[in-house]
Amino acid sequence: MSASTADTPLAFRRPSGVRTIKNSLATIFVTVATLITIIPLAWVLTTVIIKGYRLLLSSTWWLESQRGITPRREGGGAYHAIVGTVEMALICAAIAVPLGVLGAIFLIEYGRGTKIARGVSFMVDILSGIPSIVAALFIYALFITIFGLGRSAIAVSCALVLLMLPVVLRSTEEMLKLVPDSLREASYALGVSKWKTIVKVVVPTAFGGIVTGVMLGLARVMGETAPLLILVSYAVGINFSPTTDTMGALPTMINAGRDQPPQMPGYERVWAAALTLIMIVMLLNVLARLIARFTTLKEK
Amino acid sequence: MAVTDTDATERVEPEPLAAQDPSLSPVVDHGAVTTHSPVPKVVAHRAPETPADHVEREAARGVKLAKISRTGDRIFRSLATTSGLLIVLLVLFVGIFLLALALPSLQADQDSFLTSRNWTVSGNELRFGIAGLFWTTVLSAVLAMAMAVPVAVGVALCMTQYLHKRVSGPVSFVVDLLAAVPSIIFGLWGLTVLGPFLAPAAAWLISKLGWIPFFERNVDPKGSVFVASVVLAIMILPIVIAISRDVFAQTPRDHIEAALALGATRWEVIRTAVLPHGRSGVISASMLGLGRALGETIAVMIILTTPSAGSPFSPSIFAGGETFASKIANNAAEFDSPSKTGAYIAAGLVLFVVTFAVNAIARIIAERGVES
Amino acid sequence: MAKQNYARRPMNRLVSSRAGKFAALAALATFSLTACGSDPTSASEPAGAEPGSSANASGLACPAGKISAEGSSAQANAITEVIADYNAECGDKATIEYNPTGSGAGIKSFYNGLVDFAGSDSALKTEMKDGVIEADKAKERCQNNPAWNLPMVVGPIAFAYNIDGVDKLVLNAEVLSEIFNGTIKTWNDPKIAKLNSGAKLPSANITVFFRSDESGTTENTTKFLSKAGNGAWKDEPAKAWTGTGEGKNKSSGVAEATAGTKNSITYIEWSYAKDNNLPTAQLDSGNGPVELSGDAVAKAVSEAKVKGSGNDLSLDLKYSGTKAGAYPALLVTYEIVCSKGLAADKTAIVKDFLTYFSSADAQGKLPDLGYAPLPSGLQSKVKAAVAAIQ
């Protein structure tokens with residue numbers, strides 16, 4: 001139903017009532033959705049911050065390990081765990097990111113529509129459903145039972161690669177898909193070879209989205225507990241070596257302390273470790289976003 | 001993408017070059033322009049021709065153009081193809097290896113693997129089946145998806161279509177914060193904070209709808225599938241939001257402007273320009289979220305109450321249960337024998353199959369959407 | 001249509017150098033992480049010893065090096081404190097890592113050579129189970145020398161409950177078996193009332209909580225129930241629970257659930273029951289109700305017979321027919337070591353650490369943590385066995 005009747009020739013008619021209602025409903029739904037997302041987040045974060053902030057304020061937390069400290073004693077810090085988490089995540093990313101990005105490039109640039117590409121896509125679909133514990137069991141059976149190697153951070157990183165790869169590959173694929181062909185064509189029209197087009201035009205355009213995928217993957221693997229428990233256990237002292245021995249990490253530090261009742265000092269360390277992990281992931285996130293903002297090619 | 005200046009109702013003369021040489025540029029079906037959508041839809045998509053290919057093709061026609069070196073292309077192409085093949089080999093290897101570990105136990109299984117709810121995996125008589133595990137895993141994942149995907153799409157739309165760019169930056173940051181929380185903390189928070197909070201709501205639901213088996217009371221609501229699903233939904237929100245946000249942000253401005261120019265309300269712009277364009281991306285994001293929900297181990301292990309060995313099956317969302325992942329994790333410490341390990345791995349493999357099936361269906365839906 | 005912002009082109013070099021700078025900064029920050037950081041300095045100085053001395057007052061050799069161990073979570077609270085005390089005594093020379101991954105995982109890691117000794121709630125099995133004889137595989141690991149089971153930590157099993165208005169509950173193994181397998185369903189059942197004359201037991205349903213993760217505590221509880229329950233518990237003792245109830249993850253999960261659910265009962269290590277302020281039931285083994293205490297448990301352990309030969313001290317615990325004042329629901333955690341065959345530097349640390357662990361000093365500190373000390377007869381046998389490790 002038209003709302004206003006004006007007598008000027010170019011009358012602006014408001015959209016019909018039904019359409020306006022639908023529009024308002026959509027706005028309400030979207031607002032409610034955002035609130036629904038923010039509330040549990042604020043809740044979880046408040047819980048973690050309130051329970052864990054106190055220990056983060058002292059430099060001991062950041063510089064000392066837990067060697068010699070028991071759940072019943074105060075003291076020590078999370079240094080060993082921070083180093084372990086970052087080390088394992090970086091090794092995992094060093095394998096998963098190139099593999100994922102190149103795989104996505106293959107799917108979109110070289111293999112679009114071919115049978116091989118369908119096969120790869122299919123395989124990635126299967127990989128995305130693997131539970132972290134099954135990935136860990138696979139690596140355990142392979143590295144430890146068959147190859148006879150001991151526990152190591154590299155074994156964990158390999159298991160984490162299985163978890164990070166689908167996320168990186170899929171998000172890169174979606175982003176590359178969205179790069180308009182006109183960009184590629186313009187580049188070809190200027191005589192630029194295909195690989196240079198991909199490296200200098202397509203990937204930089206999609207860079208922001210690729211970074212999102214990498215960050216999502218990293219956030220996930222840095223928070224994984226089960227593979228670490230099986231493959232690298234937990235060490236309270238400092239261990240930098242990725243190829244030998246057990247190593248501490250923040251999720252396993254949390255796991256080691258969660259069995260204690262709330263009145264023990266170890267319990268507070270659990271939440272402090274959680275807050276530390278969140279802060280590290282966000283730091284990496286911010287860094288990555290800054291890099292992306294300055295390097296993504298944008299259309300004006 | 002280059003035909004937005006056409007009048008929505010007129011047929012356009014195809015450019016001569018495109019008519020002679022269909023291998024150039026995406027094929028646009030101008031017939032589609034007359035349907036309800038104001039924007040022509042891409043039907044088939046062939047990769048644009050690179051200069052090196054063009055040189056070769058012209059050479060075949062007898063036209064000499066300056067040679068463009070292909071070594072860089074060849075190296076890069078082989079790099080990309082190798083990655084793709086490596087991934088295929090990796091997944092095949094993982095699958096076959098695990099299958100080899102699981103087969104002896106499967107063969108020794110006295111019960112039907114798919115329908116039995118027993119789980120006796122030590123001793124001489126192996127009797128195990130995944131029916132109970134399957135139900136709990138699928139139920140919790142489906143509930144989580146049902147809660148998370150609509151909300152995530154809503155938030156992504158809000159961030160890209162409704163909010164000012166300055167505001168959506170912090171909101172983005174906040175969503176990424178959610179992704180940064182480790183899963184074990186979600187488990188602890190879900191058990192100690194969310195569970196007790198949801199208990200009254202659960203009690204109310206049970207009192208009103210408890211006569212339906214789906215809602216009947218079973219275990220202490222703090223450890224029920226209901227609470228686990230809510231926590232899983234919260235965990236998969238960031239993945240779906242982040243990817244959907246990126247996808248929606250890439251909607252071509254001219255599609256949106258064309259819709260606006262035709263007098264669409266904001267919702268109609270979303271419905272006609274943003275959502276169809278982002279459909280495949282959203283489905284991909286949801287599949288990643290589903291993968292996460294199906295494979296989440298430690299949070300589910302901490303929250304869910306395990307039912308005792310002989311208890312009767314309950315389809316209720318307020319029952320406890322074990323998912324594939326949580327069952328394996330609960331018992332991973334005690335894998336003393338190959339037959340025991342094999343049984344658990346067999347359970348894990350079922351998850352592969354489930355994920356593949358769902359993803360395959362989703363992919364068919366996504367592809368059909370592009371073609372219609 | 002879309003126009004490339006040509007003004008960006010000359011910026012690209014500047015931009016990528018900016019990105020490069022960011023990346024370099026980030027890498028630098030990460031690598032500098034590895035430079036700082038250290039282990040905490042010992043909280044307490046060893047009594048009467050100067051730091052840096054190689055031997056100290058209690059006669060420990062204090063060798064340097066690193067060993068790792070895994071196993072039972074029931075002894076986790078005890079062994080972590082003992083490790084910390086040992087390090088304090090020895091000036092932090094050795095690094096000992098213990099991971100409470102579970103008795104089964106500990107034994108498996110031990111015979112696979114991943115750890116130097118294991119902590120287990122049950123001795124190495126000598127019969128074939130699930131395709132493997134643990135004792136044989138351990139022997140293989142120790143270069144064909146037998147592995148010894150050395151009892152070290154006695155952990156009482158408490159039956160913690162949460163019933164409104166009831167602060168004293170008396171039960172026996174038979175009634176417990178029937179509660180745990182679902183035969184007795186309500187608190188005011190006559191069988192329970194018979195043991196608790198005068199107590200006001202509600203008519204509510206009993207909620208049983210059990211460990212959903214495989215656990216040595218479950219195995220020992222079911223051993224107790226099957227041996228002392230007069231046939232009421234019909235299943236084989238196992239690490240996985242076969243009774244009724246709701247399963248929760250880890251002792252903390254079970255404790256929290258019991259504390260938060262009315263009319264519930266569970267089996268749990270005494271240290272966890274104490275830490276979570278849960279009331280525990282008294283056990284009547286035929287000589288009247290016995291309150292759970294370190295002394296009562298020590299009395300029950302002293303009636304245990306050593307069934308291993310020589311220095312292998314695996315025990316046959318007495319679960320029923322114990323003398324008055326004994327509390328027989330308990331588990332003993334063994335440290336499983338190679339009698340010979342472990343590398344010399346690691347053997348030195350294992351030996352020294354276990355000498356400290358079995359000393360009256362360390363054992364005396366256990367009751368505060370919710371454990372019971374080894375009876376003196378057993379203590380000296382263990383000390384002798386440790387001394388015999390090569």
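The side chains of Glu70(C) and Arg151(A) are joined by a polar contact of 2.5 Å, a polar contact being a pair of N or O atoms within 3.5 Å of which, within protein, one must be able to donate a hydrogen and the other to accept it, while residues adjacent in sequence count only if both atoms are side-chain atoms. The model is predicted, so that local features need pLDDT of at least 70 and side-chain atom pairs count only at pLDDT 80 or more, whereas totals for chains, interfaces and linings use all residues. Residues are numbered from 1 along each chain as its sequence is written, chains are lettered from A in the order in which they are written, and side-chain values use heavy atoms, without hydrogens and water.

Glu70(C) also makes a side-chain polar contact of 3.1 Å with Ser109(C). Beyond its neighbours within four places in sequence, Glu70(C) is in contact (heavy atoms within 4.5 Å) with residues including Ser233(A), Tyr98(C) and Phe117(C). Glu70(C) counts as buried because its relative accessibility is 2%; buried means under 20% relative accessible area, exposed over 50%, and partly exposed in between, with a 1.4 Å probe and protein chains only.

Glu70(C) lies in strand 1 of chain C, residues 65-71, strands being DSSP runs of E with at least two residues and helices runs of H or I with at least four, numbered from the N terminus. Strand 1 of chain C is largely enclosed by the rest of the structure, because 5 of its 7 residues are buried. Strand 1 pairs in the parallel sense with strand 2 of chain C (residues 94-99) over 6 bridges, where pairing requires at least two DSSP bridges. Lys66(C) has Thr95(C) as its bridge partner in strand 2 of chain C.

In chain A, Leu25(A) belongs to helix 1, residues 17-56. Leu25(A) counts as exposed because its relative accessibility is 53%.
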